[in-house]
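Subject: A structure for you to explore

Hi there,

Here is the structure I promised to pass on. Have a look at it first, then read my notes below.

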Amino acid sequence: MDACPTLTRGAVVIDLIEAHDKELVERVRRRDEEAFRSLFARYAPAAKALAQRIVRQAHLAEEIVQEAFLAVWKNPGGYDGERGSVRSWLMGTVHHRAVDLVRREEAHRRRAEHAVVDVREEQADHADDVAVELDRPGEGALVRAALKGLPDEQREVIELMYFSGLSQSQIAERTGLPLGTVKSRTLLGMRRLRVALVGVER
Amino acid sequence: MTLDHTLIEELLAVRSLGGLDGEDLETLERELTEHGACEECRQLRDGFDQTAGRLAFALEPLPVDPTMANRILSEAWGREAPAVDELAERRTGRWRRALAVAASFVVLIAGVAVLRDTVGVDLVALQRFLVLEGGEGSLALAYTPGERGIVVWGQDLPDPGAGNVYELWAFADGTPISQGCLEPSNGNLAAFLNAEIGDAQLMAVTVESAACPDSPTTVPVYTGELV
């Protein structure tokens, strides 16, 4: 009998990808341009999607991606292999820059209000991301399924925080939820996602 | 006061998503400092950071300007100039490769000139020659500005994968226009495309599904700028 075959194969594939990513970063440290191009080709499209979701402007998203990958080239030592995967580090870098940009901008409030409206009125918007592509293979489907598996109230705060760049206080203000509830829902949702995506109970 | 790990876990979860603000930011920093080299704190932080980083992949990837990687490297090298001999090696290497491709291409043009009547284009008279760079092997185009017809030649190209093909794009003002799909045979490619480069500033090749999509879905593996 094949014990848990899907999970096992999935885990092996992800490990191989991760091993190759780490090798690429190591080569970037040695100033290998082809390794940099490979890393860029592999992750820049996902990075742009993330940045554009947060800043909602394509040209700003491209700037963020460019700055983030320039930072990777200039300081590949910023990646600590003991702290996790290359792709999470890269996306964390992009996310941090995008959120910083959004919060610096004067127009943030207006944009954030739109974001709340978007998420509330167009649950199908994120649901599109989550549901429509579920039958596609690969990591995207895994992450979308994990998000879809969350209770609505947990998914909402996580999506507002991560994909719309809102802080916990902004979410509390715009949803009318107590700050403590925003934090506790975030924790519960992230615990579930951590199990589903990283395989860590705690 | 030292928080227990459940409360630290809550603040780390919010921080990993970029949502921590106000007093909680300072509280978390202070408590982490007080916990010192706390293995449980480290595991909680890394676990949530890993999880948050994966969320980005829930989104559909978006095409990126195919020249961006080159721009990043140019900017970086501009600031930290490589050694002179390194630059010279790069230039000569590129020229050696271009000349090798050009020599082979001339042979190809001569060989396929007999196709003139079939395709309606005088292959020998093609005026421009473009070497595409980026991926393994050699890939080049020949065409005449303002006229239809692009000859594509490739050697030692990587297999695009089962069910995949190479797709040639002409980028005009950042907009990609498909020029056609190509399937190498044992790494070799010799094809005529009934397409016109027009006002394109950049030619690029991506790996696409055999359906040959109307817009690129992956980052180019070969690019060449048109003078």
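A few terms first: strands (E, at least two residues) and helices (H or I, at least four) are DSSP runs, numbered from the N terminus, and two strands pair if DSSP finds at least two bridges between them. This is a predicted model, in which local features need pLDDT of at least 70 and side-chain atom pairs count only at pLDDT 80 or more, while totals for chains, interfaces and linings use all residues. Residues are numbered from 1 along each chain as its sequence is written, chains are lettered from A and ligands numbered from 1 in the order in which they are written, and side-chain values use heavy atoms, with hydrogens and water left out.

Let's start with a hairpin in chain B. E2(B) and E3(B) form it with six residues between them, and Gly146(B) in the turn has a positive phi of about 85°. Strand E2 covers residues 138-143 of chain B and pairs with E3(B) in the antiparallel sense over six bridges. One pair to find on screen is Ala140(B) with its bridge partner in E3(B), Trp153(B).

Is strand E3 of chain B largely enclosed or open? Five of its six residues (150-155) are buried (under 20% relative accessible area; exposed is over 50%, partly exposed in between, with a 1.4 Å probe and protein chains only), so the strand is largely enclosed by the rest of the structure.

Next, look for an open sheet of four strands in chain B, with antiparallel pairing and the order E5-E4-E7-E8. Its edge strands, E5 (175-182) and E8 (222-225), each pair on one side only. E4 (residues 164-172) and E5(B) are linked by seven bridges, and Ala170(B) has Ile177(B) as its bridge partner.

Finally, the nonpolar cores (buried Ala, Val, Leu, Ile, Met, Phe, Trp, Tyr and Cys residues joined through side-chain atoms within 4.5 Å). The largest has 80 residues, and Phe69(A) and Leu55(B) have the most contacts inside it. Helix H2 (residues 33-55) of chain A gives the most to this core, with 13 residues. Beyond its neighbours within four places in sequence, Phe69(A) is in contact (heavy atoms within 4.5 Å) with residues including Phe36(A), Tyr43(A) and Ile72(B). A second, separate core of 21 residues includes Leu130(B) and Tyr222(B).

Enjoy exploring!
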